[in-house]
Amino acid sequence: MKVKKLLLILCALVVAALSLFSCNGQEPEEAAVFYRSILPREALTTATKVSLGGYQYECFLERGHIKVSETRENTVYYGVLSDRGEVVLPVNYTSLGASGNFLFAEGGDEVSRHYVYYYDGRELCSFDDAVTVEDVGGGYFSVKTEDASYLYNAEGQNVLPGTHLDVSYSYSFCGNFALAHSGERGRTFVFNIRTSDVLLSFFDTDVRSYLVAYLGDNDFVVAVTDALESASGADIRIDRGEGWTYYKQSVYRYTVGAASPTLLDPGRFIVKMNNVYSVGLTRTAREEYTLLEGYTAVYYYVTEGFAASGELGCYIADDAFVEKKALPAGVTGALTHVNGIAAASDASGAILLIDESGETVSKTEDAAYQDVIYLGGLVVASKILSPGVIRRGALGLDGNVVVPFEYSYISAFIGGKAVASKGGKSYILTTSGAETYIGDYSFPYYFEGFYQINSGDKFGISSFDGNVLVPAVYTSFADLSRYGNTVYVALSVGSVTDVYRMY
(Lines give C-alpha, C1' and ligand atoms only; values in the text may rest on other atoms or scores of the structure.)
Protein backbone atom coordinates (compact mmCIF):
# COMPACT_ATOMS: atom_id res chain seq x y z
CA MET A 1 0.00 0.00 0.00
CA LYS A 2 2.79 2.37 0.90
CA VAL A 3 4.55 1.73 -2.44
CA LYS A 4 1.31 2.32 -4.37
CA LYS A 5 0.68 5.57 -2.48
CA LEU A 6 4.23 6.75 -3.17
CA LEU A 7 3.80 6.03 -6.91
CA LEU A 8 0.59 8.05 -6.96
CA ILE A 9 2.34 11.01 -5.32
CA LEU A 10 5.21 10.82 -7.83
CA CYS A 11 2.76 10.71 -10.74
CA ALA A 12 0.97 13.76 -9.40
CA LEU A 13 4.26 15.65 -9.16
CA VAL A 14 5.16 14.72 -12.74
CA VAL A 15 1.77 15.91 -14.01
CA ALA A 16 2.15 19.18 -12.10
CA ALA A 17 5.60 19.68 -13.58
CA LEU A 18 4.41 18.94 -17.09
CA SER A 19 1.61 21.47 -16.67
CA LEU A 20 4.26 24.17 -16.51
CA PHE A 21 5.11 23.50 -20.14
CA SER A 22 3.00 24.19 -23.20
CA CYS A 23 1.69 21.45 -25.47
CA ASN A 24 4.67 21.79 -27.79
CA GLY A 25 7.10 21.17 -24.95
CA GLN A 26 8.21 24.80 -24.55
CA GLU A 27 8.23 26.79 -21.33
CA PRO A 28 5.47 29.40 -20.99
CA GLU A 29 6.43 32.66 -22.67
CA GLU A 30 7.63 35.28 -20.22
CA ALA A 31 6.35 38.85 -20.41
CA ALA A 32 8.38 40.92 -22.84
CA VAL A 33 10.61 43.59 -21.31
CA PHE A 34 10.36 46.96 -23.07
CA TYR A 35 12.41 49.16 -20.76
CA ARG A 36 15.85 49.09 -19.26
CA SER A 37 16.20 49.97 -15.61
CA ILE A 38 18.70 52.29 -13.95
CA LEU A 39 20.12 52.18 -10.45
CA PRO A 40 19.11 54.77 -7.86
CA ARG A 41 21.28 57.87 -7.91
CA GLU A 42 24.02 57.76 -5.34
CA ALA A 43 24.46 60.15 -2.43
CA LEU A 44 27.23 62.73 -2.78
CA THR A 45 30.11 62.28 -0.35
CA THR A 46 33.08 64.14 -1.84
CA ALA A 47 33.79 67.46 -3.57
CA THR A 48 37.01 68.26 -5.42
CA LYS A 49 37.87 71.74 -6.63
CA VAL A 50 38.86 71.85 -10.31
CA SER A 51 41.75 74.12 -11.22
CA LEU A 52 40.83 76.46 -14.07
CA GLY A 53 44.46 77.47 -14.58
CA GLY A 54 43.72 81.12 -13.97
CA TYR A 55 41.08 81.30 -16.70
CA GLN A 56 37.55 82.67 -16.33
CA TYR A 57 34.69 80.17 -16.09
CA GLU A 58 32.11 80.39 -18.90
CA CYS A 59 29.85 77.32 -18.75
CA PHE A 60 29.71 73.53 -18.51
CA LEU A 61 29.74 71.51 -21.71
CA GLU A 62 29.01 67.80 -22.23
CA ARG A 63 30.95 65.10 -20.32
CA GLY A 64 31.85 67.54 -17.55
CA HIS A 65 33.99 69.61 -19.91
CA ILE A 66 34.38 73.26 -18.92
CA LYS A 67 34.40 76.22 -21.28
CA VAL A 68 36.81 78.90 -20.05
CA SER A 69 37.97 82.26 -21.35
CA GLU A 70 40.70 84.87 -21.14
CA THR A 71 40.72 88.48 -22.38
CA ARG A 72 43.87 89.53 -24.23
CA GLU A 73 44.22 92.95 -25.87
CA ASN A 74 40.45 93.57 -25.65
CA THR A 75 39.66 90.25 -27.39
CA VAL A 76 38.03 87.36 -25.54
CA TYR A 77 39.48 83.93 -26.30
CA TYR A 78 37.91 80.60 -25.36
CA GLY A 79 39.11 77.09 -24.65
CA VAL A 80 38.02 73.80 -23.08
CA LEU A 81 39.23 72.05 -19.92
CA SER A 82 38.38 68.55 -18.74
CA ASP A 83 36.70 68.03 -15.38
CA ARG A 84 40.21 67.40 -14.02
CA GLY A 85 41.46 70.77 -15.25
CA GLU A 86 43.41 69.32 -18.18
CA VAL A 87 43.52 71.33 -21.41
CA VAL A 88 41.30 69.80 -24.12
CA LEU A 89 41.40 72.83 -26.42
CA PRO A 90 43.77 75.75 -25.70
CA VAL A 91 42.31 79.15 -24.85
CA ASN A 92 42.92 80.46 -28.34
CA TYR A 93 39.53 80.59 -30.08
CA THR A 94 37.27 83.58 -30.69
CA SER A 95 34.11 81.45 -30.56
CA LEU A 96 33.44 77.97 -29.23
CA GLY A 97 30.46 75.63 -28.91
CA ALA A 98 29.66 71.99 -28.25
CA SER A 99 27.08 69.33 -29.02
CA GLY A 100 27.32 65.87 -27.51
CA ASN A 101 30.71 64.35 -28.29
CA PHE A 102 31.79 67.17 -30.60
CA LEU A 103 33.29 70.64 -30.20
CA PHE A 104 33.37 73.41 -32.80
CA ALA A 105 35.43 76.56 -32.68
CA GLU A 106 36.71 79.52 -34.71
CA GLY A 107 40.27 80.77 -34.56
CA GLY A 108 43.29 78.91 -33.30
CA ASP A 109 46.37 78.96 -35.52
CA GLU A 110 44.33 80.29 -38.45
CA VAL A 111 42.24 83.17 -37.16
CA SER A 112 39.36 82.87 -39.64
CA ARG A 113 39.25 79.06 -39.82
CA HIS A 114 36.39 77.04 -38.29
CA TYR A 115 37.21 73.66 -36.75
CA VAL A 116 35.34 70.59 -35.52
CA TYR A 117 36.95 68.46 -32.79
CA TYR A 118 36.10 65.23 -31.04
CA TYR A 119 35.49 65.63 -27.30
CA ASP A 120 39.06 64.53 -26.55
CA GLY A 121 40.46 67.44 -28.58
CA ARG A 122 41.23 65.47 -31.76
CA GLU A 123 40.71 67.63 -34.86
CA LEU A 124 38.23 66.14 -37.33
CA CYS A 125 37.71 68.74 -40.06
CA SER A 126 37.76 72.47 -40.75
CA PHE A 127 35.88 74.98 -42.87
CA ASP A 128 36.24 78.45 -44.31
CA ASP A 129 32.71 79.42 -43.24
CA ALA A 130 31.16 79.54 -39.79
CA VAL A 131 29.50 76.27 -38.77
CA THR A 132 27.30 74.84 -36.05
CA VAL A 133 27.54 71.18 -35.13
CA GLU A 134 24.96 68.72 -33.82
CA ASP A 135 25.69 65.24 -32.47
CA VAL A 136 23.15 62.97 -34.23
CA GLY A 137 24.17 59.69 -32.59
CA GLY A 138 26.30 56.70 -33.53
CA GLY A 139 29.48 58.78 -33.79
CA TYR A 140 28.02 61.03 -36.51
CA PHE A 141 27.47 64.78 -36.50
CA SER A 142 25.77 67.30 -38.75
CA VAL A 143 27.48 70.47 -39.89
CA LYS A 144 25.40 73.50 -40.76
CA THR A 145 26.83 76.44 -42.65
CA GLU A 146 24.92 79.59 -43.52
CA ASP A 147 22.89 77.90 -46.26
CA ALA A 148 23.50 74.12 -46.16
CA SER A 149 23.72 71.10 -43.88
CA TYR A 150 25.98 68.04 -44.15
CA LEU A 151 26.57 64.77 -42.33
CA TYR A 152 30.02 63.69 -41.10
CA ASN A 153 31.44 60.69 -39.26
CA ALA A 154 33.86 60.66 -36.32
CA GLU A 155 36.80 60.53 -38.75
CA GLY A 156 35.76 63.90 -40.18
CA GLN A 157 34.51 62.50 -43.51
CA ASN A 158 31.40 63.77 -45.28
CA VAL A 159 29.30 60.60 -45.60
CA LEU A 160 26.77 62.14 -48.01
CA PRO A 161 28.99 63.72 -50.68
CA GLY A 162 27.06 65.35 -53.49
CA THR A 163 24.01 65.88 -51.28
CA HIS A 164 22.99 69.48 -50.68
CA LEU A 165 20.26 69.98 -48.07
CA ASP A 166 19.47 73.36 -46.53
CA VAL A 167 19.87 74.28 -42.86
CA SER A 168 16.28 73.35 -41.99
CA TYR A 169 17.23 69.64 -42.03
CA SER A 170 18.10 67.65 -38.93
CA TYR A 171 19.61 64.16 -38.99
CA SER A 172 19.50 60.95 -37.01
CA PHE A 173 21.83 57.97 -37.18
CA CYS A 174 19.81 54.78 -37.90
CA GLY A 175 22.20 51.83 -38.16
CA ASN A 176 23.26 51.61 -41.82
CA PHE A 177 21.06 54.57 -42.66
CA ALA A 178 20.70 58.28 -42.00
CA LEU A 179 17.32 59.93 -41.58
CA ALA A 180 17.16 63.58 -42.69
CA HIS A 181 14.03 65.54 -41.85
CA SER A 182 12.92 69.13 -42.41
CA GLY A 183 9.82 70.11 -40.48
CA GLU A 184 9.91 73.49 -42.17
CA ARG A 185 9.83 71.99 -45.64
CA GLY A 186 7.86 68.86 -44.76
CA ARG A 187 10.41 66.56 -46.34
CA THR A 188 12.11 63.37 -45.17
CA PHE A 189 14.96 61.42 -46.80
CA VAL A 190 16.49 58.06 -45.92
CA PHE A 191 20.12 57.69 -47.05
CA ASN A 192 22.42 54.69 -47.19
CA ILE A 193 25.11 55.96 -44.85
CA ARG A 194 27.80 53.89 -46.63
CA THR A 195 27.01 54.70 -50.27
CA SER A 196 25.19 58.07 -49.78
CA ASP A 197 22.35 56.85 -52.03
CA VAL A 198 18.83 58.16 -51.41
CA LEU A 199 16.76 55.07 -50.58
CA LEU A 200 13.43 56.64 -49.57
CA SER A 201 11.97 60.13 -49.82
CA PHE A 202 8.69 61.64 -48.68
CA PHE A 203 7.41 65.13 -49.50
CA ASP A 204 4.46 66.70 -47.69
CA THR A 205 1.81 68.54 -49.70
CA ASP A 206 -1.12 70.77 -48.77
CA VAL A 207 -3.31 67.70 -48.31
CA ARG A 208 -0.83 64.93 -47.44
CA SER A 209 1.77 64.55 -44.68
CA TYR A 210 4.20 61.81 -43.64
CA LEU A 211 5.52 60.50 -40.33
CA VAL A 212 8.67 58.39 -40.66
CA ALA A 213 10.40 56.30 -37.99
CA TYR A 214 13.22 53.75 -38.05
CA LEU A 215 12.32 50.32 -36.62
CA GLY A 216 15.71 48.61 -36.85
CA ASP A 217 17.55 46.40 -39.36
CA ASN A 218 16.30 47.52 -42.80
CA ASP A 219 12.81 48.59 -41.75
CA PHE A 220 11.08 51.96 -41.55
CA VAL A 221 7.46 52.72 -40.74
CA VAL A 222 5.64 55.50 -42.57
CA ALA A 223 2.24 56.91 -41.62
CA VAL A 224 0.61 58.72 -44.54
CA THR A 225 -2.15 61.15 -43.57
CA ASP A 226 -4.54 62.71 -46.07
CA ALA A 227 -6.82 65.66 -45.35
CA LEU A 228 -10.32 65.08 -46.75
CA GLU A 229 -13.10 67.48 -47.60
CA SER A 230 -15.87 65.38 -46.06
CA ALA A 231 -16.52 62.48 -43.70
CA SER A 232 -16.67 60.03 -46.60
CA GLY A 233 -13.74 57.62 -46.25
CA ALA A 234 -12.32 59.41 -43.18
CA ASP A 235 -10.77 57.62 -40.21
CA ILE A 236 -11.21 60.50 -37.76
CA ARG A 237 -12.62 63.97 -37.49
CA ILE A 238 -11.16 66.76 -35.35
CA ASP A 239 -12.71 70.06 -34.32
CA ARG A 240 -9.96 72.67 -34.53
CA GLY A 241 -12.26 75.56 -33.64
CA GLU A 242 -13.46 76.15 -37.17
CA GLY A 243 -15.66 73.11 -37.64
CA TRP A 244 -14.76 69.51 -38.33
CA THR A 245 -11.61 68.53 -40.23
CA TYR A 246 -11.48 65.00 -41.67
CA TYR A 247 -8.44 62.75 -42.10
CA LYS A 248 -7.59 59.34 -43.48
CA GLN A 249 -4.36 57.53 -42.63
CA SER A 250 -2.50 54.59 -44.14
CA VAL A 251 0.52 52.99 -42.46
CA TYR A 252 3.27 51.10 -44.29
CA ARG A 253 6.43 49.23 -43.39
CA TYR A 254 9.20 49.98 -45.86
CA THR A 255 11.99 47.40 -46.01
CA VAL A 256 15.05 48.68 -47.80
CA GLY A 257 15.65 46.42 -50.80
CA ALA A 258 12.05 45.21 -51.03
CA ALA A 259 10.14 46.00 -54.21
CA SER A 260 7.15 47.55 -52.43
CA PRO A 261 6.05 48.46 -48.89
CA THR A 262 3.80 46.34 -46.70
CA LEU A 263 0.44 47.82 -45.69
CA LEU A 264 -0.08 47.65 -41.92
CA ASP A 265 -3.22 47.99 -39.85
CA PRO A 266 -2.38 49.48 -36.45
CA GLY A 267 -6.07 50.17 -35.81
CA ARG A 268 -5.21 53.62 -34.43
CA PHE A 269 -4.72 57.09 -35.90
CA ILE A 270 -1.03 57.77 -35.28
CA VAL A 271 0.13 61.24 -34.23
CA LYS A 272 3.82 60.65 -33.46
CA MET A 273 6.36 57.85 -33.02
CA ASN A 274 9.31 58.08 -30.63
CA ASN A 275 12.29 55.77 -30.16
CA VAL A 276 16.02 55.99 -29.57
CA TYR A 277 16.53 56.86 -33.26
CA SER A 278 14.17 59.85 -33.31
CA VAL A 279 15.42 63.01 -34.97
CA GLY A 280 16.32 65.77 -32.52
CA LEU A 281 17.50 63.69 -29.54
CA THR A 282 20.62 64.96 -27.81
CA ARG A 283 23.50 62.64 -26.96
CA THR A 284 22.41 62.66 -23.32
CA ALA A 285 18.81 61.88 -24.25
CA ARG A 286 19.96 58.89 -26.34
CA GLU A 287 22.23 57.56 -23.61
CA GLU A 288 19.46 57.89 -21.02
CA TYR A 289 16.66 56.59 -23.28
CA THR A 290 15.02 53.81 -21.31
CA LEU A 291 12.77 52.32 -24.02
CA LEU A 292 14.85 49.47 -25.40
CA GLU A 293 16.16 49.43 -28.95
CA GLY A 294 13.68 47.65 -31.20
CA TYR A 295 10.64 49.23 -29.56
CA THR A 296 8.76 52.41 -30.43
CA ALA A 297 6.37 54.50 -28.36
CA VAL A 298 3.40 55.16 -30.64
CA TYR A 299 1.05 58.03 -29.80
CA TYR A 300 -2.45 58.07 -31.26
CA TYR A 301 -5.67 60.03 -31.05
CA VAL A 302 -8.20 58.67 -28.58
CA THR A 303 -11.55 58.69 -30.38
CA GLU A 304 -15.21 58.39 -29.56
CA GLY A 305 -16.78 56.91 -32.65
CA PHE A 306 -14.43 58.54 -35.09
CA ALA A 307 -14.34 61.95 -33.37
CA ALA A 308 -11.04 62.94 -31.74
CA SER A 309 -10.86 65.50 -28.93
CA GLY A 310 -7.08 65.85 -29.09
CA GLU A 311 -6.44 63.44 -26.19
CA LEU A 312 -3.53 61.09 -26.91
CA GLY A 313 -3.02 57.45 -25.98
CA CYS A 314 0.25 55.53 -26.20
CA TYR A 315 1.30 51.95 -26.87
CA ILE A 316 4.60 50.14 -27.36
CA ALA A 317 5.22 48.58 -30.79
CA ASP A 318 7.95 46.07 -31.67
CA ASP A 319 10.39 46.13 -34.60
CA ALA A 320 7.64 44.84 -36.92
CA PHE A 321 5.40 47.69 -35.71
CA VAL A 322 3.04 45.28 -34.00
CA GLU A 323 1.37 46.61 -30.87
CA LYS A 324 2.80 44.79 -27.85
CA LYS A 325 1.61 46.81 -24.87
CA ALA A 326 -0.99 49.55 -24.44
CA LEU A 327 -0.08 51.97 -21.65
CA PRO A 328 -2.75 53.28 -19.27
CA ALA A 329 -4.66 56.41 -20.32
CA GLY A 330 -2.61 59.52 -19.70
CA VAL A 331 0.72 57.67 -19.37
CA THR A 332 3.40 58.41 -21.94
CA GLY A 333 6.08 56.08 -23.25
CA ALA A 334 8.79 58.23 -21.64
CA LEU A 335 9.10 56.23 -18.41
CA THR A 336 12.21 56.07 -16.23
CA HIS A 337 12.55 52.77 -14.39
CA VAL A 338 14.61 52.65 -11.22
CA ASN A 339 15.29 49.16 -9.87
CA GLY A 340 12.62 47.89 -12.26
CA ILE A 341 9.86 50.34 -11.31
CA ALA A 342 8.62 53.59 -12.89
CA ALA A 343 6.04 55.94 -11.36
CA ALA A 344 3.51 57.98 -13.32
CA SER A 345 0.08 59.50 -12.95
CA ASP A 346 -2.73 58.39 -15.24
CA ALA A 347 -5.52 60.46 -16.78
CA SER A 348 -7.51 60.35 -13.53
CA GLY A 349 -4.56 61.50 -11.41
CA ALA A 350 -3.95 58.11 -9.80
CA ILE A 351 -0.33 57.13 -9.14
CA LEU A 352 0.70 54.02 -11.04
CA LEU A 353 3.80 51.91 -10.49
CA ILE A 354 4.74 50.30 -13.79
CA ASP A 355 7.32 47.56 -14.32
CA GLU A 356 9.71 47.06 -17.26
CA SER A 357 7.07 45.06 -19.12
CA GLY A 358 4.62 47.97 -18.97
CA GLU A 359 2.43 46.18 -16.42
CA THR A 360 0.79 48.24 -13.69
CA VAL A 361 1.87 46.60 -10.45
CA SER A 362 0.02 48.98 -8.11
CA LYS A 363 -2.38 51.90 -8.24
CA THR A 364 -3.01 54.62 -5.65
CA GLU A 365 -6.18 56.53 -6.45
CA ASP A 366 -7.25 58.22 -3.23
CA ALA A 367 -6.58 61.66 -4.79
CA ALA A 368 -5.71 63.41 -8.05
CA TYR A 369 -1.90 63.49 -7.97
CA GLN A 370 0.41 65.62 -10.11
CA ASP A 371 4.14 66.07 -10.77
CA VAL A 372 5.07 62.50 -9.90
CA ILE A 373 8.81 61.84 -9.41
CA TYR A 374 10.53 58.58 -8.56
CA LEU A 375 14.33 58.16 -8.57
CA GLY A 376 14.45 55.49 -5.90
CA GLY A 377 13.33 55.54 -2.29
CA LEU A 378 9.89 57.15 -2.22
CA VAL A 379 7.43 58.38 -4.84
CA VAL A 380 7.17 62.17 -4.57
CA ALA A 381 4.01 63.88 -5.83
CA SER A 382 1.74 66.86 -5.30
CA LYS A 383 -1.98 66.91 -4.73
CA ILE A 384 -4.71 69.52 -4.32
CA LEU A 385 -5.82 69.75 -0.69
CA SER A 386 -8.40 72.47 -1.33
CA PRO A 387 -9.07 74.96 -4.13
CA GLY A 388 -5.81 76.81 -4.80
CA VAL A 389 -3.85 74.82 -2.18
CA ILE A 390 -1.33 72.31 -3.53
CA ARG A 391 1.10 70.46 -1.29
CA ARG A 392 3.75 67.81 -1.87
CA GLY A 393 4.32 64.57 -0.03
CA ALA A 394 5.72 61.10 -0.64
CA LEU A 395 4.41 57.55 -0.75
CA GLY A 396 6.11 54.21 -0.36
CA LEU A 397 5.93 51.58 -3.08
CA ASP A 398 3.05 50.01 -1.16
CA GLY A 399 0.98 53.18 -1.74
CA ASN A 400 1.01 54.27 1.89
CA VAL A 401 1.82 57.89 2.75
CA VAL A 402 5.26 58.13 4.35
CA VAL A 403 5.78 61.89 4.10
CA PRO A 404 2.53 63.81 4.74
CA PHE A 405 1.26 66.17 2.05
CA GLU A 406 2.13 69.37 3.88
CA TYR A 407 5.26 70.58 2.07
CA SER A 408 5.51 73.33 -0.55
CA TYR A 409 8.55 71.59 -2.06
CA ILE A 410 10.23 68.18 -1.93
CA SER A 411 13.14 67.09 -4.09
CA ALA A 412 13.55 63.57 -5.42
CA PHE A 413 15.03 61.13 -2.91
CA ILE A 414 18.73 60.49 -3.55
CA GLY A 415 20.71 58.16 -1.36
CA GLY A 416 17.61 57.69 0.81
CA LYS A 417 17.13 61.41 1.56
CA ALA A 418 15.50 64.51 0.11
CA VAL A 419 15.31 68.21 0.91
CA ALA A 420 11.89 69.76 1.61
CA SER A 421 10.32 73.08 2.60
CA LYS A 422 7.25 74.24 4.50
CA GLY A 423 6.32 77.40 6.34
CA GLY A 424 9.51 79.19 5.30
CA LYS A 425 11.73 76.49 6.82
CA SER A 426 13.66 73.67 5.18
CA TYR A 427 14.36 70.10 6.25
CA ILE A 428 16.12 66.91 5.25
CA LEU A 429 13.67 64.03 4.95
CA THR A 430 14.47 60.34 5.19
CA THR A 431 12.58 57.47 3.58
CA SER A 432 11.02 56.78 6.98
CA GLY A 433 9.51 60.28 6.98
CA ALA A 434 11.81 61.70 9.67
CA GLU A 435 12.76 65.36 9.19
CA THR A 436 15.83 67.32 10.28
CA TYR A 437 15.77 71.13 10.27
CA ILE A 438 18.47 72.70 8.07
CA GLY A 439 17.59 76.39 7.74
CA ASP A 440 15.15 79.26 7.51
CA TYR A 441 14.58 79.42 3.79
CA SER A 442 11.55 78.45 1.75
CA PHE A 443 13.40 76.97 -1.21
CA PRO A 444 16.86 75.55 -0.44
CA TYR A 445 18.88 75.45 -3.63
CA TYR A 446 19.48 71.81 -4.44
CA PHE A 447 20.61 69.70 -7.34
CA GLU A 448 21.20 65.97 -7.38
CA GLY A 449 21.69 65.48 -3.67
CA PHE A 450 22.99 68.65 -2.03
CA TYR A 451 21.58 71.72 -0.31
CA GLN A 452 22.66 75.24 0.51
CA ILE A 453 24.30 76.10 3.82
CA ASN A 454 24.70 79.68 5.03
CA SER A 455 27.25 81.67 6.99
CA GLY A 456 26.15 85.28 7.18
CA ASP A 457 25.65 86.47 3.61
CA LYS A 458 27.81 83.69 2.17
CA PHE A 459 26.78 80.14 1.31
CA GLY A 460 28.26 76.77 0.53
CA ILE A 461 27.09 73.21 -0.08
CA SER A 462 26.26 70.28 2.17
CA SER A 463 25.43 66.71 1.22
CA PHE A 464 22.07 65.31 2.24
CA ASP A 465 24.00 63.49 4.98
CA GLY A 466 25.06 66.81 6.50
CA ASN A 467 28.68 66.72 5.33
CA VAL A 468 30.05 70.10 4.22
CA LEU A 469 31.20 69.60 0.63
CA VAL A 470 31.97 73.23 -0.23
CA PRO A 471 32.68 75.89 2.44
CA ALA A 472 30.28 78.81 2.83
CA VAL A 473 32.40 81.48 1.12
CA TYR A 474 30.36 82.14 -2.07
CA THR A 475 27.63 84.62 -2.98
CA SER A 476 25.93 83.00 -5.99
CA PHE A 477 25.47 79.82 -8.00
CA ALA A 478 26.78 80.22 -11.55
CA ASP A 479 25.97 76.85 -13.11
CA LEU A 480 25.09 73.19 -12.51
CA SER A 481 25.59 70.05 -14.58
CA ARG A 482 25.66 66.27 -14.28
CA TYR A 483 27.45 63.52 -16.16
CA GLY A 484 26.92 59.94 -15.03
CA ASN A 485 27.16 59.85 -11.24
CA THR A 486 29.20 63.06 -11.05
CA VAL A 487 27.65 66.45 -10.31
CA TYR A 488 29.39 69.68 -11.29
CA VAL A 489 28.73 73.06 -9.72
CA ALA A 490 30.16 76.53 -10.41
CA LEU A 491 30.05 79.01 -7.51
CA SER A 492 30.97 82.69 -7.59
CA VAL A 493 32.20 85.31 -5.16
CA GLY A 494 32.71 88.70 -6.75
CA SER A 495 34.22 88.24 -10.20
CA VAL A 496 35.79 84.89 -9.35
CA THR A 497 34.04 81.59 -10.18
CA ASP A 498 35.21 78.24 -8.85
CA VAL A 499 34.22 74.82 -10.14
CA TYR A 500 33.74 71.69 -8.02
CA ARG A 501 33.34 68.06 -9.04
CA MET A 502 31.09 66.22 -6.58
CA TYR A 503 30.57 62.46 -6.39
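Is tyrosine 57 buried or exposed, and at what relative accessibility? Tyrosine 57 counts as buried because its relative accessibility is 7%, where buried means under 20% relative accessible area, exposed over 50% and partly exposed in between (1.4 Å probe, protein chains only). Phenylalanine 60, at 11%, counts as buried too.

The structure here is a predicted model, so to speak: local features need pLDDT of at least 70, side-chain atom pairs count only at pLDDT 80 or more, and totals for chains, interfaces and linings use all residues. Residues are numbered from 1 along each chain as its sequence is written, and side-chain values use heavy atoms, with hydrogens and water left out.

Now for the rings. A search of the whole structure turns up 29 aromatic pairs; rings of Phe, Tyr and Trp (its six-membered ring) pair if their centres lie within 6.5 Å, with planes under 30 degrees apart called stacked, over 60 edge-to-face and the rest tilted. Tyrosine 57 and phenylalanine 60 make an edge-to-face pair, with 5.3 Å centre to centre and 65° between the planes. Tyrosine 300 and tyrosine 315 are tilted instead, at 5.9 Å and 40°. This second pair links distant parts of the chain, 15 residues apart, with tyrosine 300 in strand 23 and tyrosine 315 in strand 24 (strands are DSSP runs of E, at least two residues; helices are runs of H or I, at least four; both are numbered from the N terminus). Both of these tyrosines are buried. Elsewhere, ring pairs tie Phe102, Tyr118, Tyr119, Phe127, Phe141 and Tyr152 into a cluster.

Next come the cores. A nonpolar core is a set of buried Ala, Val, Leu, Ile, Met, Phe, Trp, Tyr and Cys residues joined through side-chain atoms within 4.5 Å. The largest one holds 32 residues, and Phe220, Leu291 and Ile316 touch the most other members. Strands that each supply at least two residues of this core include strand 14 (177-182), strand 18 (219-228) and strand 24 (307-317). A second, separate core has 14 residues, among them Tyr171, Phe173, Ala178 and Phe191. Beyond its neighbours within four places in sequence, isoleucine 316 is in contact (heavy atoms within 4.5 Å) with residues including Phe34, Tyr35, Leu291 and Leu327.Finally, a charge meets a ring: the charged end of lysine 272 sits over the ring of tyrosine 299, 4.7 Å from its centre (NZ of Lys or CZ of Arg within 6 Å of the ring centre and within 35 degrees of the ring normal).
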